[in-house]
Amino acid sequence: MIVENVTMLGHKDHGKSTLIGSVLMLTNSVSNTRIEEAKKYSEKLGKPFEPAFILDSLEEEREGGLTIDSTRAEAKYKDLAFEFIDVPGHEELIKNMMSGASFAETAILLASAKPGEGIREQTKRHVFVAKMLGIENIIVAVNKMDTVNYDENVYNKIVESIGKFLSDIKFYGKVRYVPISAYKGENIIRRSDNMKWYKGVPLLEELYRMIKGAGKKNENRFNKLRAVVQGFIEDGNEKLISAKVLSGKIEKGKIMFFPGNIERNAKKIILKGRRVAKAGEGSSVAIEIDKEIKNPRGLVIAKKGEEPIVANKLNALIFATAKLTSSSKIVIKILGNEVKCNKLKIMKQIDTTTGASSKKRLVEALNAGILELELESDIAFEKYSVLKSMGRFSFYIENKFGGVGIVE
Amino acid sequence: MIEQNLKELEERSIFILREARSKFKNIAALWSMGKDSTTMIALARKAFLGKVPFPVIHIDNGIDFPETYKFRDELTRKWKLNLIVARSEIKPEISGFSCCGANKTEALKRVMKQYKFDALIVSIRRDEHGVRAKERVFSPRDKNFRWNYKDQPAELWDDYSSKLDNEGHVRIHPLLDWNEIDIWNYIKKEHIPVNQLYFSRNGFRYRSLGCTHCTVPLKSDAKNVDDIIKELKTTTVEERSGREQDKEKEYVMQKLRALGYM
Amino acid sequence: MKNDKIIKIADALQKEPNETNWEKFAKALKKSGIKYYRIVYVSLKNAEDLTKSYAELFDAKGKLVTKVPIFKRDDGRKVEGATIYLKGLLNINKW
């Protein structure tokens with residue numbers, strides 16, 4: 001069965017946990033035991049049962065009403081299985097949200113119709129980061145419609161403002177809008193009688209169609225051989241190179257390791273214990289080469305004449321979780337390599353809540369920036385737009401997680 | 001239960017195991033002789049050309065099932081495993097947890113210290129009991145084995161975290177994305193040997209294995225792997241409803257986790 | 001009778017469940033007609049409680065042959081679990 005990851009973006013109070021809990025119940029994707037456990041717990045707390053309890057299984061979450069970490073929940077719908085990656089909305093937990101968002105291409109963005117709620121600044125930042133991390137399809141679910149009497153005007157205003165924001169941050173993917181009430185389970189699987197003015201389909205159907213429609217992915221595929229070395233695997237007295245193929249195919253014969261232009265002959269390729277003639281994208285292989293390489297971890301394998309970019313300077317779009325200045329000492333982690341950055345130039349800062357850029361020489365926490373990095377040594381990489389797996393990195397400021405970046 | 005693509009799951013697990021091997025100096029794996037940890041060992045053999053290049057640790061409280069001991073010793077011989085048995089004491093702890101509780105953590109701490117392991121492979125899956133759903137693929141523990149669930153480092157793409165401090169260790173979860181049914185599908189596909197307690201004789205079998213004290217059999221007629229897979233596709237009974245410890249409050253389990261119990 | 005030897009050793013175990021007796025038991029088990037076991041726990045709050053629990057041993061027809069403790073204790077040492085010595089037998093708890 002095909003499992004589609006769906007990221008849940010939006011502020012914690014706008015009902016993400018309730019929505020997922022509701023989806024699980026409506027699609028019969030949660031066992032009675034789990035529901036009973038959640039009901040018992042809500043009784044103990046003296047709170048009325050609500051679907052969010054199904055997901056929140058840590059004690060503190062239940063008492064504080066806050067989802068702390070990425071949580072996944074699976075729901076079946078027609079011939080697809082959705083894995084909802086619920087991420088917390090709290091600002092200081094944004095680093096967790098980034099790891100949650102990083103595996104999905106489709107997101108549900110939850111906005112609240114309740115007066116005074118709407119979409120928060122923090123939600124906007126999440127959307128920005130999600131876009132950066134490869135989200136290509138967004139369904140905007142305007143929740144809590146039951147609190148505004150299912151008013152179409154309220155809905156339209158929110159749709160308009162979110163639409164503007166998405167175009168401001170240059171989101172060019174697919175966007176759809178659905179009015180819902182997660183608490184009451186309206187317009188999630190079944191059309192709501194209270195919103196007859198809404199001419200679209202319910203949320204899960206919208207999600208289903210979006211994912212099916214996106215199936216024919218952009219076949220601008222990069223298919224040059226790119227494999228990254230993990231390390232060694234012993235085979236008796238021999239040391240084989242373990243590597244993961246990121247694109248293209250690895251075959252017996254001449255291969256090159258970068259940086260360093262190291263030429264070797266791949267004598268044997270082993271995939272899951274068997275000798276093979278070649279192995280394609282996604283394969284973890286063991287390669288017997290004719291002459292040992294001392295510290296191969298992090299090197300990139302390619303064919304002669306099809307080299308990756310090898311440089312110690314690169315431009316990147318980054319998202320910082322902590323303030324970044326040109327004197328910040330950062331270390332980037334890319335493809336198993338940890339490289340110190342000698343010089344860092346901030347070309348501009350981008351406000352993640354508006355998409356506006358300014359020629360500031362620093363990047364405030366939770367904002368983005370365009371940087372010029374000069375690393376202490378050469379690394380092999382590709383632009384993010386060419387090959388995602390070789391164009392993205394995380395960075396650390398004095399050993400603390402500092403943010404993510406993509407190579408431009 | 002949703003069945004996933006085995007090839008992708010297998011690739012990812014092999015990648016994780018190899019990363020662990022490359023990043024850490026001294027790794028070991030927990031082996032309970034259950035279907036998950038045995039599958040993990042089978043994956044390790046695939047990742048490392050037929051060998052398992054790290055020790056497997058059995059935390060033994062002395063009252064495991066005789067079938068489990070037999071399975072352990074036979075597979076250790078067959079697959080030439082480097083087995084470390086760490087004896088744990090049965091102590092009075094939190095009620096209901098007297099044998100499978102915190103004292104196992106003590107035995108584990110002892111072994112980690114003795115051998116100076118800096119990373120531990122644990123075969124938990126996200127679809128198991130709620131609390132485990134919070135774990136990441138690489139999850140660091142500090143020196144008191146505390147899992148600081150409020151401040152976990154980001155797991156971005158294929159970027160996994162390294163050691164937390166000099167005395168702590170990192171836990172590696174290569175099976176985090178697998179569902180129960182994926183495990184059985186893989187066991188079937190690869191003909192992985194499995195503890196016979198999982199199979200029914202006379203109307204009962206064990207769906208999940210703990211020690212003889214806290215594991216309770218379920219009514220079932222599943223006599224082989226195919227039967228089990230069929231049964232999983234139709235049943236909704238929580239996997240662990242045969243294990244009494246899960247009838248205790250979830251927060252107690254969470255606290256045990258925070259104390260280092262897996 | 002086939003099971004006389006093992007019954008004798010089981011009796012010795014009830015009195016002295018030390019390593020020597022357990023090893024004798026494990027050896028004799030292979031030659032006996034015992035096929036199944038059922039463990040009966042009285043309560044298990046600590047290691048000492050193990051001494052209250054026991055395992056019932058049955059032949060291929062399901063007839064009770066004898067009982068053994070499920071712990072091991074040598075002079076001056078702590079009580080330890082000893083179910084490993086029942087290796088080779090099959091569980092029939094809850095049947």
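Which residues in α3(B) are buried? I'll come back to that in point 3; some notes on this predicted model follow.

1. Confidence in chain A. The mean pLDDT of chain A is 85, with 89% of its residues at 70 or more.

2. Chain B overall. Chain B has seven helices and eight strands. It runs to 262 residues, of which 55% count as buried. Take the contacts in chain B between residues at least 6 apart in sequence: 75% of them join residues at least 24 apart.

3. Helix α3 of chain B, and the opening question. This helix covers residues 66-78, which makes 13 residues, and its first and last C-alpha atoms are 18 Å apart, close to the 18 Å expected at 1.5 Å a residue. The buried residues in α3(B) are Pro66(B), Glu67(B), Thr68(B), Tyr69(B), Phe71(B), Arg72(B) and Leu75(B). Note that the list includes Glu67(B) and Arg72(B). As for partners, the buried residues pack against β2 (56-60) of chain B, together with β1 and β6 of chain C.

4. Trp79(B) sits in the loop between α3 and β3 (83-87) of chain B. Leaving aside residues up to four places away in sequence, Trp79(B) touches Arg45(B) and Val52(B). The C-alpha atom of Trp79(B) is also 7.7 Å from that of Lys51(B), a residue 28 places away along the chain. Lys80(B), which follows α3(B), has a positive phi near 55 degrees.

5. The contact of chains B and C. Chain C gives 23 residues and chain B gives 21. On the chain C side, the elements that supply two or more residues are β1 (34-40), β5 (80-81) and β6 (90-91) of chain C. That side divides into 13 nonpolar, six polar and four charged residues.

6. Four strands make an open, mixed sheet in the order β3-β2-β1-β6 (chain C). At the edges are β3 (64-69) and β6 of chain C; each has a single partner strand, so one side of each lacks a neighbour in the sheet. Two bridges pair β1(C) with β6(C) in the parallel sense, and Tyr37(C) stands opposite Asn91(C) in β6(C). Helix α1 (residues 4-15) of chain C packs on the sheet, where it touches β1 and β3 of chain C, and its direction makes about 30 degrees with that of β3(C).

7. Strand pairing in chain A. Strand β22 (residues 368-381) of chain A pairs with β16 (residues 309-320) of chain A in the antiparallel sense, over ten bridges. Within that pair, Ile309(A) stands opposite Phe381(A). β22(A) is also joined to strand β19 (residues 337-350) of chain A, again antiparallel, by eight bridges. Here Leu344(A) stands opposite Leu373(A).

8. Most residues other than glycine have a negative phi, and most peptide bonds are trans. Asn149(A) has a positive phi near 60 degrees; its place is the loop between β5 (137-143) and α7 (152-168) of chain A. Asn149(A) counts as exposed because it has 9 C-beta neighbours inside 10 Å. In chain B, Lys116(B) has a positive phi of about 55 degrees and lies in the loop between α4 (102-115) and β4 (119-121). Lys116(B) is exposed too, with 10 other C-beta atoms within 10 Å. Finally, the peptide bond that joins Phe258(A) and Pro259(A) is cis, with omega about 0 degrees; Pro259(A) is in the loop between β10 (253-258) and β11 (262-271) of chain A.

Methods. Residues are numbered from 1 along each chain as its sequence is written. Chains are lettered from A and ligands numbered from 1 in the order in which they are written. This is a predicted model: local features need pLDDT of at least 70, side-chain atom pairs count only at pLDDT 80 or more; totals for chains, interfaces and linings use all residues. A residue is buried if 20 or more other C-beta atoms lie within 10 Å of its own, exposed if 12 or fewer, and partly exposed in between; C-beta atoms are placed from the backbone. Two residues are in contact if their C-beta atoms, placed from the backbone, lie within 7 Å. Ala, Val, Leu, Ile, Met, Phe, Trp, Tyr, Cys and Pro count as nonpolar, Asp, Glu, Lys and Arg as charged, and the others, Gly among them, as polar. pLDDT is the predictor's confidence in each residue, from 0 to 100. Two strands pair if DSSP finds at least two bridges between them. Axes are lines fitted to C-alpha atoms, for helices over the stretch in contact, and angles run from 0 to 180 degrees between N-to-C directions. The expected span of a helix is 1.5 Å times one less than its number of residues.
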